[in-house]
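What follows is a walk through one structure, chain by chain and contact by contact. Please keep the sequence and the coordinates open while reading.

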Amino acid sequence: MGIKWDEFFITGDPLILGSQIAIVLTMVGIVAGVTYLKKWKWLWSEWITTVDHKRIGIMYIISGVLMFFRGGMDGLLMKAQTSRPEMEFLDAQHYNEIFTTHGVIMILFMAMPMLIGIMNVVVPLQIGARDVAFPQLNALSFWLFFGGAMLFNISFVIGGSPDAGWTSYFPLAGKEFSPGIGNNYYAVALQIAGIGTLLSGINFVVTILKMRTKGMTLMKMPMFTWTSFIASVIIIAAFPIFTVALALMTFDRLYGAHFFTLSGGGLDMLWANLFWLWGHPEVYILVLPAFGIYSEIISTFSRKTLFGYKSMVLSILIIALLSMVVWVHHFYTMGSGPAVNSIFSITTMAIAVPTGIKIFNWLFTMRKGRIKMTNAMLWSLAFVPCFIIGGVTGVMLGMGAADYQYHNTLFLVAHFHYTIIPGVVFAVFAALYYWWPKMFGFTLNEKIGRWHFWLFVIGFNATFMPMFFLGLDGAVRRSYTYSVESGFAPLFLVSALGSVILALGFIAFCYNIYWSIRHADRNITGDPWNARTLEWATASPVQPYNFAKLPEVDGLDPFWKMKKNNQGLTIKDSEIKEIHMPSNSGLPFIMGVAFGVAGFFLVFEWHIAAAIAAIGIIAGLIYRSFDYDEGYHIPVDEIKETESKWRNVEGEVHNYVK
Amino acid sequence: MSSKIDYSLPLEYQTEQNRLNILGFWIFLGAEIVLFATLFGVYGVLYQRYAGGPTHQDIIMIKDVLIQTVLLLTSSFTMGIAIFEMRRQQLKGLIFWLVITLLLGAGFLFMEINEFIHYVHLGATMQTSAFLSSLFVLLGTHGAHVTFGIIWAIMVIIQLLRRGLTPTTARKTFIIGLYWHFLDVVWIFIFTFVYLKGMVG
Amino acid sequence: MEKHTNRFPISHVLGFIFSLILTFGAAYIALKTSLSFKVIMWIIGTLAVLQAGIQLFMFMHLREGEDGKTNVINIVYGVFMAVVIVVGSIWVMSAGHAAH
């Protein structure tokens, strides 16, 4: 059982040795830096123990950017390996590990935290609430996600990476064909992060249902709140399936059960069935909040209210329902018979209809608008054509009969990168440019942002467009090399060069953050974009209690109306009352650590140690049950001071009246 | 997060945070439905894959299962009475019926563990066949929920003894009540689609 | 959402009696009759759903409180998901060549 000690650290590969050294140096650097600046106490009391939704959101986003870097490095390594035929840069095993971690990290540890982070920052502000429904649970969600992400990330230096693809299909992912512990990391780390995500989903559903400010009925909610709500509903409906699937995988791998192993009567494709029962809704969990982001940005920078609000809501509801009944299109080639494949072809193609409705609504929102070409708007504009390429090829793949041709080729890989990158990554960039001032009190530089935009968009198309043609020519995915005679070389080279441009775009983004932190103008108002929704009706960066006086709403684009009618922008001394706030807590962080440690032991199949760590988890739950902390109140004077400080600024539309 | 108290409502609904928690728990139960449905689906796919090992008729002790069922049904009823007593502000009655519920739950758990031991003695383990893997994990997940529920309810009883009936303790009691009834709902489906179905064909 | 109920929990007792009848009825039909497998499964399946309904409405007071409607929608959606997962998985995994 378990692992031999000499296999604990992965040795013998110069790339991994380099990473190990880099990781150690980085950690030493961080510890030394924090100690030198005497920031430990600040880190603990302001960030690690925080239950403030805005700070938790920012921590999600920082983790997402870090994971984007890690996943991007994996992608670049893959592109380098396939840039020339018969390259010997990576061996087959290393390539397997890298495409596996690339997929898992980009979907679960980059896209998810980015979007959940943005939801955290924006949704409570948009609905005029002071926090989420369960602030401490929110912190727990983050630390569980973070614990899972860190556990997954150490796999490539300690014990070995999972190497069966991000889908980890059986029988390959079973103990028989993957005897190492790499795939244990997959089963355990994703489980921990998944529990965190499920809790987030519950938190946001309750928050949006119960904590909207006065007058904001469901059909007056901003579109991003709507899409976040529906995405949370899908999280609750889909993530338990993944929880079970991963648990069954763990039983198969660790305890010799026969769910997916062929011996003992198990069914390998049952794993595929469960994985995609979760996996397809997961795609919509990602893309729906992104649709909401585009809706907000296009409406703001077209100076128009969103076109076809009701049809937008209806189409996300239809997408949410249909997303649950299309999963088989990921494995038509299993051969489940014509009836199954036909039904799932129809449901799959039907999803294109509500998605098309949304595209037209965005176009009509821009029609006759006074469009302002900010960076956020540029990303939203680039999204439309790129995403349509992804959508149309999706309909091609959705036809069961035709799929036999495309299945497992680079055509498929190009398709889903054309949906996920414009559908999620562009949206995340758009959202960061748009809401950055709300989070930090300064805007990102627009000029450097242009570099970021053009490099990234051109690089993205140059990387993935050739893969459509490679796929149609028969190049399979997940193959670490190809022959000279295949004739694939030129397009693979174009794709590799494209990925370099893409990476330069990301570097420009990082530089933009650095530059803006150092040089950007701090004297901005609460509303730098002349925007329409409630998150702009308060200070930038937002004060801990969000709103001194909860706003009242009687329609869409409430802040726009407030500005037009000059109503509700002022605050008077008599309107300020003390505000109840939840206390910070170290428990979520400790629970995240306990889960991470227990998970680590479980990965290595050290069951006694894992059980001891699990007792720590139960102790944490019991402690929480007996915790009767009632929070604290911010006194009136403090609120008065904070409010007058940001409201009495030149150019601010909000006013402070004594 | 207002701490306003609405005295016209039962204790557990009196504060806004309580109402949030109760709704949140209902939504969590929605997730639990999906979780158990997935286990039932897996069982439904694998339930005839005996791989040469024992079948349903070889191992199921239907009399014991009926006793287990009655124990859990009765415990769900006594939990209902406990909440009824809570709404009448009867702390003693509440705790009495909670303890009865836990004893019945512990009895159920004792019989389930015996059942598992019996299976293993017959050579039916999780490693034997796909059918048994899915059986053990479905039953085991339910049993683990019952175990967790018992520990949780003990914590709540301690808090009731220490603090009496307040909006907070009432909310906690109400939520464990919901959880307990839900476990009974799951058991009804296990009883029907695992045991009875297994005995029929 | 009654706060001061009468002294006798009539709905709980009725619910308990119903669920005992349904349980033993299902056991009797499954174990003591010689109906076909399909008929038995339909009958005891229906009885199980009825009994779940008793738990939800008579014990858990599903519709009570200001969020009663939300609760009903939540449970209906959960049941929809359950049907999709169970029926869908069994159908997909047994419909074609994969299962044979």
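**Helix pairs, chain contacts and annotated spans**

In this predicted model, α3(A) crosses α5(A) in a left-handed sense. Helix α3 covers residues 53-81 of chain A and helix α5 covers residues 135-153 of chain A; they pack at an angle of about 15 degrees, with their axes 10 Å apart. Angles under 35 degrees count as roughly parallel, and α3(A) and α5(A) are therefore roughly parallel to each other. On the α3(A) side, the contact is made by His53(A), Ile56(A), Met59(A), Tyr60(A), Ser63(A), Met67(A) and Arg70(A). On the α5(A) side, Pro135(A), Asn138(A), Ala139(A), Phe142(A), Phe146(A), Ala149(A) and Asn153(A) take part. By class, the residues in this contact of α3(A) with α5(A) are nine nonpolar, four polar and one charged.

A second pair in chain A is arranged otherwise. Helix α6 (residues 182-210) of chain A packs with helix α17 (residues 587-603) of chain A at an angle of about 160 degrees, and their axes are 9 Å apart. That angle makes α6(A) roughly antiparallel to α17(A), and the crossing of α6(A) and α17(A) is right-handed. From α6(A), the contact involves Asn184(A), Tyr185(A), Val188(A), Ala189(A) and Ile192(A). From α17(A), the residues are Phe595(A), Gly596(A), Gly599(A), Leu602(A) and Val603(A). The contact of α6(A) with α17(A) has seven nonpolar, three polar and no charged residues.

The next subject is chain C. How many helices and strands does chain C have? Chain C has three helices and zero strands, and the pattern read along its sequence is α-α-α. The radius of gyration of chain C is 18 Å, whereas a compact globule of 100 residues would have one near 13 Å. The C-alpha trace of chain C spans about 60 × 35 × 10 Å along its principal axes.

An unreviewed UniProt entry lists residues 12-31, 37-60 and 72-93 of chain C under "transmembrane region". In the model, residues 12-31 of chain C are 100% helix and 0% strand, with end C-alpha atoms 28 Å apart. Residues 72-93 of chain C are also 100% helix and 0% strand, and their end C-alpha atoms lie 31 Å apart.

Chain C touches both other chains discussed here. Towards chain B, 42 residues of chain C are in contact with 39 residues of chain B. The elements giving two or more residues to this side of chain C are α1 (10-32), α2 (37-59) and α3 (68-94) of chain C. Of these, α3(C) supplies the largest share, 14 residues. The side of chain C that touches chain B has 25 nonpolar, 14 polar and three charged residues.

Towards chain A, 17 residues of chain A are in contact with twelve residues of chain C. On the chain A side, two or more residues each come from α7 (223-255), α8 (268-302) and α10 (338-366) of chain A. The largest share, four residues, is given by α8(A). By class, this side of chain A has 13 nonpolar, four polar and no charged residues.

Chain B also carries a "transmembrane region" annotation, in an unreviewed UniProt entry that lists residues 20-45, 65-84, 91-111, 131-161 and 173-196. Residues 65-84 of chain B are 100% helix and 0% strand, with end C-alpha atoms 29 Å apart. For residues 173-196 of chain B, the span is 100% helix and 0% strand, and the end C-alpha atoms lie 33 Å apart.

Definitions and conventions: Residues are numbered from 1 along each chain as its sequence is written. Chains are lettered from A and ligands numbered from 1 in the order in which they are written. This is a predicted model: local features need pLDDT of at least 70, side-chain atom pairs count only at pLDDT 80 or more; totals for chains, interfaces and linings use all residues. Axes are lines fitted to C-alpha atoms, for helices over the stretch in contact, and angles run from 0 to 180 degrees between N-to-C directions. Angles under 35 degrees count as roughly parallel, over 145 as roughly antiparallel, 65 to 115 as roughly perpendicular and the rest as oblique. A crossing is left-handed if the near helix is turned anticlockwise from the far one by less than a right angle, and right-handed if clockwise. Two residues are in contact if their C-beta atoms, placed from the backbone, lie within 7 Å. Ala, Val, Leu, Ile, Met, Phe, Trp, Tyr, Cys and Pro count as nonpolar, Asp, Glu, Lys and Arg as charged, and the others, Gly among them, as polar. UniProt positions are given in the numbering used here, feature names are shortened, and annotations may be inferred rather than shown by experiment. The radius of gyration is taken over C-alpha atoms; the globule rule is 2.2 Å times the number of residues to the power 0.38.
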